[in-house]
Amino acid sequence: MAGSCMSALLTHLTAVERLAAHVNALPGEFARAFGEDLEYARFGAALPELPRFGGWSQGVGTWLARGHRPHFTELMAARSPVHFGLKAAELVSNGALIGMDAGLAWLAGYFTQLCVARALEPVMQQLLTTQRHQGEAERVARARIEWTQSLFFMQDLHGSSLVGTPAVRAKLQIRKASSLKGIGRGFYELIRVASLDAFGEAPSKLEVDGWVRGLYVFSLALGSPLGKLRAPTAHLSTRELYRGDGFDVFATVDVGLERARELLTVLGAMIRRNSWTSRSRSRFFEMCPEGAPSQVVKSAA
């Protein structure tokens, strides 16, 4: 099973906050956007995993970390994630659907999760070989490993995983207004048009609104005493999923963030020039090849 599971969501959202904490290393327009619209950067980072929160059965599966993979998660995480992001960037540069700062923040979050997921994939491949339980499906092993890694990552940064406390809800806030209302028409059109261009199909607004509401409900549960059921254990083997022989998740996330800065520098120049020619796109694809993280890792090996 290629790509990342819901369980990487906190890692990706926390990585976005780390990028925002060092905005001087980013092009000026992205630095400004982070200052104005951090919630929308989280939205962009969360998008490929949001379909996991749509509907009651999928929401329960997400809570239980079953590693299920809805159709649009498969498309956005594995089919054509770079094509989707580039089309969204072209739409943002034209400024018709959403405000420029909101769009730039969203794009920064989207490409950050892509870079972090790809940076972490070799670690995941190693752990699937050494830490997968007998008879455990790969998608379930990924969900378990990524969830453990995300909680230790939070613990490294905050001194606590924050799970089971209201503080974790802020980490999952992807809208400035109440998420129970779903998303605005402009952001939906951005997702719809980019999806049609990249995948030949798009989710309905009702579906996307359901994903956003589902994440909001999930955040309430994770920030309540119930959330402590999903907290990390002190067992040595769980720590070994985060920092072990020849790998360090914290350091690897930083590698992904450095790659994100490089991509955003190139993307910022394309947006400033409003340059979306096949030549410009080809150069971007050379830096950021198309495909799922596992496919990109294999082709680079």
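Tutor: The model is predicted, with local features needing pLDDT of at least 70, side-chain atom pairs counting only at pLDDT 80 or more, and totals for chains, interfaces and linings using all residues. Residues are numbered from 1 along each chain as its sequence is written, and side-chain values use heavy atoms, with hydrogens and water left out.

Student: Why does Ser 219 count as buried?

Tutor: Buried means under 20% relative accessible area, exposed over 50%, and partly exposed in between, with a 1.4 Å probe and protein chains only. Ser 219 has 4% relative accessibility and therefore counts as buried. Ser 219 is placed in helix α11 (residues 205-222), where helices (H or I, at least four residues) are DSSP runs numbered from the N terminus. Contact means heavy atoms within 4.5 Å, and, leaving aside neighbours within four places in sequence, Ser 219 is in contact with Arg 169 and Leu 172.

Student: What makes Leu 38 partly exposed?

Tutor: Leu 38 has 24% relative accessibility, so it counts as partly exposed. This residue lies in helix α3, which spans residues 38-46 and has eight of its nine residues buried. Among the elements that cover the buried residues of α3 are α1 (9-20), α2 (28-36) and α7 (100-130). Leaving aside neighbours within four places in sequence, Leu 38 is in contact with Val 16, Ala 20 and Ala 33.

Student: Why is α2 called roughly perpendicular to α7?

Tutor: Their axes, lines fitted to C-alpha atoms over the stretch in contact, with angles running from 0 to 180 degrees between N-to-C directions, come within 8 Å and cross at roughly 100 degrees. Angles under 35 degrees count as roughly parallel, over 145 as roughly antiparallel, 65 to 115 as roughly perpendicular and the rest as oblique, so α2 is roughly perpendicular to α7.

Student: How do you know that the span of helix α8 agrees with its number of residues?

Tutor: The expected span is 1.5 Å times one less than the number of residues. The 21 residues of α8 (residues 138-158) should therefore span 30 Å, and the end C-alpha atoms are 30 Å apart, which agrees. Just after α8, Gly 159 takes a positive phi of about 80 degrees.

Student: What makes a set of residues a nonpolar core, and which residues have the most contacts inside the largest one?

Tutor: Such a core is a set of buried Ala, Val, Leu, Ile, Met, Phe, Trp, Tyr and Cys residues joined through side-chain atoms within 4.5 Å. The largest has 88 residues, and Trp 106 and Leu 267 have the most contacts inside it. The largest share of this core, 16 residues, comes from α7.

Definitions and conventions. Helices (H or I, at least four residues) and strands (E, at least two) are DSSP runs, numbered from the N terminus.
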